[in-house]
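The following exercises concern the structure shown below. Each task is followed by a solution in steps.

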Amino acid sequence: MIRRLLSITAPLISALLILSCGGGKGPDALRLALETEPTNLDPAFAVDYSSGWVSSLIHSNLVRFEPDGSLVPDAASGWSISGDGLEYVFRVGGSRFSDGSAVTAVDVERSLMRLIDPSTASPRWWVLEPVVGAPAWHAGRGDRPGIEARDDSTLVIRLSSPAAHFLSLLAMPAAGIVSPRAADSLGRDYGRMPVGSGPWRLASWTSGDDLILERNPFAKSAGQGPPRIEIRLIPETMTRIAEFEVGNLDILEIPPAELELWRAAGVRLLRSPELRIVYIGLNNGKPPFDDPRVRRALNMAVDVDMIIGQLLFGAAQRATGIVPEGLRQSPLPEPLYRYDPEGARRLLAEAGYPDGFSMEIWQRENPESGRVLESVQAFLARAGVEVRIVTREWSAFKQAVDRGTPDAFYLDWYADYPDAGNFLVPLFHSGNRGGGGNRSGFADSAVDSILDLASVEGDPAQRWKLYEEAEERVMEAAPWIFLWFPVRYEVVSHRLEGYEIPVIFNGQRFTGVTLR
Amino acid sequence: MGRYIARRLLLLIPILFGVVTVTFLIMYVIPGDPVLSLVGERYDEETLDRLRGELGLDRPLAIRYVDYLGRVARLDLGRSFVTGRPVMETIRERFPRTLTLAGAAMFIAVAGGLAAGVVAGSGRVPWAGKTLMALTLIGVSIPVFWLGLLLIQLFAIKLDILPPSGYGGGSVRYLILPALTLSFASMATVARVTRAGFLDAGSEDFVRTARAKGLGERAVMGKHVFRNALIPVVTIVGTDFGSYLGGSVLTESIFGWPGLGRLIVQSILRRDFPVIQGAVLFMAILFVLVNLVVDISYGFIDPRIRGEGAKG
C-alpha cells in the first residue's frame, strides 16, 4: 500500500519540482504592487485610492501634478485666466486617446459635462462645483453650466466666484478626460475598459491578480518610461515585502514597524512627508466635548511625541498645526498643547469633571490604530478619563461617524490636491459637517468667514495668511486630539532610476523613470 | 440510488431558499451603508440619495426581496454595486481559480495524509509513525497565516525555487505554496484519522478472520483494513473540500491568490450586496452538492451503507 501511494505521488512531486525551477520575470516592465484592487477606472467613479491612482495613469487631465506637486499642462497646452479670476481659457491640442482619435476641446467639454450630469450620478461631481451653474445642473435644474468649447482647440470654463484652487481640482482623477465615444458606447463597462489620453493604456486586467498597462502610443509622452507597468494586487504587507526581496517588485512601501530592519540593512530609503493628517476627532456637539476646555485637556493628556517615537518608529511629524509642512508658507507652529497630565486634570476639574469621565473612541479595524489607541487609552486614564475602544469595520464605522454617533473617532485625512485649503475647508468649515469632511461637527462662524475669504483670495501670500489665522483659531478650539502627519518610506530596486515619491498620490506617472 | 439522488437534489430547493433569505436579511440588518463605499471620503446627502435610487436601495425591503428571489429564479444574480460588473461573470472568473487551489490542496492532503496515516497505523516502522504523528499534531495546530509566511520565507526567499505569491496566469509554480499551506491542516487530520482507523480495524473480528483464512498481510491491509479506515477520511475530505470551494480567505490573502474567498471578504467590507448574496448562494449549492457526492461515495466504499441509501 505504502509503495503504491509512493509510486503515485513521487512522479507528481518531482514533476512539480521540475516545473518550479526557473521561470521568467518581466525584465522590461516596471513592477508595482497595490494592496487593494481598483474598483472602477472611470474617472467619474474612481473614489478609492487604487482606482484613482490607476485611472490617473490612463487618463490625462487639462492640467496635472508633477511629482513635486507643481501644476503643469497636460491635455491643455496652455491656459489664461481673466483678471477677475472667473474665466479660464484652455488651449487644447496635440494629444490623442489610446484609440488614436484626437482629443478636442469638444471632447473635453463632453467629458467634464458628463461628470456633473445628474444622469451620470458621479460621487465626485463636486470637483467642478466652482463652475458657474454646475450645482444647479447637477441637481437637475438650471441653465447649462459654464463649460464651453469655442472651437476644437479652445475650451472656456467660467466660475461663479474666483477659486484659487480650481486648477488643482482639474488635476484630480475625477476630472480625467474620457473618450466620449467610448464612454457612450461602453456605459457602465467603461470602468473596466477605459479609453484615455494618458501615458498608459490598459492592456489587461485579471480580476484579483494584476493589471498590465502598456505605453499609449498616441500619448504626448509616447516613448517615455518603461514599455509596460505590471501592477500586482497583493493584499498582505509581508507578502509584498517577500516579493520585493526576491526581486519581483521595483517599488515597495515600508510600514513603520519594519523601518528599523531596513535601516539596519543599509538600504537606501526614500522618504516623503505625506499630505495626510491623523487625528482623533471629538464629537463637538456632544457633552462633555462641547466644552473647549475638555477638548484642550484631552490634547494635554496625550504624549503624542512618545507615540510617534515608540509606536511609529519616528515615521511621522507631530501635527502642531493642521496644514502639513509641504503646503505651508511658514513653519509649523510650536506645540500649543504640551504633555501635562496634571494640567489636564486641573482643566477637567475647572470644566466640571474633577473625577474625569468615560468615553468611547471608535476605530476601524486596523492593527496600527489598535496599538495607537491602546496607548491613548493609557494616557487618558492618567488624566482620569476612562476610554473604551470600539472597533467596527470601515463601512459601519463611517456610517456611525458621519451620523455623529461616537464620542470620538480615530481617522485620517488625505489631500485630494496639494493646497492648504483642502485641509482646512473640508475639515473645519461648518458647511462641511458630516460627509463633507468635518466629521467632528466643529462650527465657528469666524473660522467659516476666514475660510470663505481665503478661497476667493487670488494672492497666494494673502491667502496663506488667512489660512494661518483660521488654523490658529481651530488649534485653540481643539475640536480634535491632534496627532501627526505620517512620513512615507519607500525602497526601490537597483534597476529603477529617476523615481521619486510624489507629493500627491497621482503626481507620479512613471514617464520619467528608466529601468537599467 | 437514483431516487435517493433525486430526493437529495430536491432538498436543495428549500436549502437554497433558506440561504437566499438569510443572506438577504443579514445584509440589511448589519450596520454599514453600501452607498458609503461608493462615494469616497467626501460626499453630500443628495449624492447618497441619488445612488440609493440608482441601486434600487430606496425601495421597501419586501419588494427588494421578492424582486431578488425572482431574479435568482431566472439565474440573474445582478451586478456588483461597486464595480458594476455582472456577479455571475465575476464568479465565473474567480471560481476556476478557487477550484484549482482547492483541488490541489485536497490532492496533497489525501496523498500525504493517507501515506502518513498508513505508515503510522501499520506500525511497521515505529519511529516513523511516532515522528509523523508528532508532525500531524503540529499540522492541525499551526495557524495558516504563519505557515504561509514560513513557506514563503523558505521556498521563495531562502531557496528561491518558487514564487512568493500571485496567480501567474495559472502556472503550477504559483500553485504549490498556497496549495501546500491550505492542505496542511486537512493532511494532518487525514493522517490521524487513517491511523486511528487502521488501529481500530486491526483488532476487528473480520480482520482476524481474514488472517485466519490465510490471506496475505498485504491483502488484509489493503482490502479489509484500509477500506474500513477510508470512511471517516472521505467525510473529512468532503467537508474540507466543500469549504475550500467557498474560497480560503487567509491562504488567498497571503498568497495574493485571486479566488472566491478574497472576493467575498472584499465584498463584505464594501457592503457589495449583490456579490455577497451571489457568492454565498453559489457556495451553498456547491457545499450541498459536494456533500451529496460524499454520501454517494460511502456506498461504493461500504456496501452496507449503499443498502440503507437504497432503502431510504
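**Exercise 1.** How many bridges join β15(A) to strand β17 of chain A, and do the strands run parallel or antiparallel?

Solution. The model is predicted, and local features need pLDDT of at least 70, side-chain atom pairs count only at pLDDT 80 or more, while totals for chains, interfaces and linings use all residues. Residues are numbered from 1 along each chain as its sequence is written, and chains are lettered from A and ligands numbered from 1 in the order in which they are written.

Step 1. Two bridges join β15(A) to β17(A) (residues 408–414), and these strands run parallel; two strands pair if DSSP finds at least two bridges between them. Strands (E, at least two residues) and helices (H or I, at least four) are DSSP runs, numbered from the N terminus.

Step 2. The bridge partner of A:Ile361 in β17(A) is A:Ala408. In β16(A), A:Ile361 stands opposite A:Ile389.

**Exercise 2.** Describe how β15(A) is linked to β16(A).

Solution. Step 1. Strand β15(A) (residues 357–364) and strand β16(A) (residues 385–392) run parallel and are joined by eight bridges.

Step 1. Between them the chain passes through helix α12(A) (residues 367–382), and this β-α-β crossover is right-handed: with the strands pointing away from the viewer, the path from the first strand over the helix to the second runs clockwise.

**Exercise 3.** How does the radius of gyration of chain A agree with that of a compact globule?

Solution. Step 1. The radius is taken over C-alpha atoms, and the globule rule is 2.2 Å times the number of residues to the power 0.38.

Step 1. For 516 residues a compact globule would have a radius near 24 Å, and the 25 Å of chain A agrees with this.

Step 2. The C-alpha atoms of chain A fill a box of roughly 80 × 70 × 40 Å along the principal axes. Chain A has 16 helices and 20 strands.
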